[in-house]
Amino acid sequence: MRKLTYYIASSLDGFIASPTGAFDFFAIEPDYLDAIAAEYPETLPAGYRAHRGITGPGKHFDTVLEGRHTYQVGLDAGVTNAYPHLEHYVFSRTLTQSPDPGVTLSTTPLATVRELKARDGLGIWLCGGGKLAAELLPEIDAYVIKLNPVIAGAGIRLVDAGFAPHRLRLTGTRTVDSGVVFLSYVPREP
């Protein structure tokens, strides 16, 4: 069965975006981008992949999931599908028609993820946001948190579920010189 991985950048205080949904407060240093290009090249947007000469299938994922607000960041920049190299789903109750033929809209995150997990293929990447992550918590099999050396103070939470502890087990770490720590976790068995 395919696995759902929440692969996301976060501030030290647990925010994945500003209150307006922007993530430009994360410093994007060359060593950070090199680390992503080496290990998770499929998670880079198509424009940057082309700039770096990255082609071919991903190492970990062949499907990406985004919440409506995460997707809006690309739309605001004029990008209707930042990940045309992946099967792309956007979860929204407000969009009624996909702005791109390569983007599938859904209003049922849990049912869609369960159906995707039952298919053959590589892993499924949960790209954001916090409300979608909260809804999909029962289906998340792994977490890769790119912990950035910044305190945001406010914004969109990593998981916007209210108080609902979920214990995790650390499975790996990697630190790049710019201070970003890649933390890998899996849910801890009860």
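Two strands are taken as paired if DSSP finds at least two bridges between them, strands being DSSP runs of E of at least two residues and helices runs of H or I of at least four, both numbered from the N terminus. The structure is a predicted model, in which local features need pLDDT of at least 70, side-chain atom pairs count only at pLDDT 80 or more, and totals for chains, interfaces and linings use all residues. Residues are numbered from 1 along each chain as its sequence is written, and side-chain values use heavy atoms, with hydrogens and water left out.

View A. Eight strands with mixed pairing make up an open sheet, in the order β5-β4-β3-β6-β1-β7-β10-β9. The edges are held by β5 (103-106) and β9 (168-175); each has a single partner strand, so one side of each is left without a neighbour in the sheet. From one strand to the next, the twist averages 25°, where axes are lines fitted to C-alpha atoms (for helices, over the stretch in contact) and angles run from 0 to 180 degrees between N-to-C directions.

**View B. Strand β4 and its two partners.** Five bridges pair β3 with β4 in the parallel sense, and T63 stands opposite E87 of β4. The chain passes from β3 through α3 to β4 in a right-handed β-α-β crossover; that is, with the strands pointing away from the viewer, the path from the first strand over the helix to the second runs clockwise. On β5, β4 (residues 87-91) has a parallel partner joined by four bridges. Within this pairing, H88 is bridged to V103 and Y89 to T104. Four of the five residues of β4 are buried, so this strand is largely enclosed by the rest of the structure; buried denotes under 20% relative accessible area, exposed over 50% and partly exposed the range in between (1.4 Å probe, protein chains only).

**View C. Helices α3 and α4 against the sheet.** Helix α3 (residues 68-76) lies across β3 (61-67), β4, β5 and β6 (123-128), at about 100° to β3; contact means heavy atoms within 4.5 Å. Helix α4 (residues 109-118) also packs on the sheet, where it touches β1 (4-10), β3, β4, β5, β6 and β7 (140-147), and its direction makes about 165° with that of β4. The buried residues of α4 include P109, T112, V113, L116 and K117. These residues cover an arc of only 135° around the axis, which puts them on the same side of α4; the arc is that of the directions from the helix axis to the C-beta atoms.

**View D. Aromatic pairs.** Rings of Phe, Tyr and Trp (its six-membered ring) pair if their centres lie within 6.5 Å, and planes under 30 degrees apart count as stacked, over 60 as edge-to-face and the rest as tilted. The count by this rule is nine aromatic pairs. The ring centres of Y6 and Y143 are 6.4 Å apart and the planes stand at 65°, so the pair is edge-to-face. Y6 in strand β1 and Y143 in strand β7 are 137 residues apart, and the pair thus links distant parts of the chain. Both Y6 and Y143 are buried.

View E. The rings of Y7 and Y40 form a tilted pair, with centres 4.5 Å apart and planes at 35°. Y7 belongs to strand β1 and Y40 to the loop between α1 (30-39) and α2 (46-52), 33 residues apart. Y7 counts as buried at 1% relative accessibility, and Y40 counts as buried at 12%. Ring pairs link Y7, Y40, F61, Y83 and W125 into a cluster.
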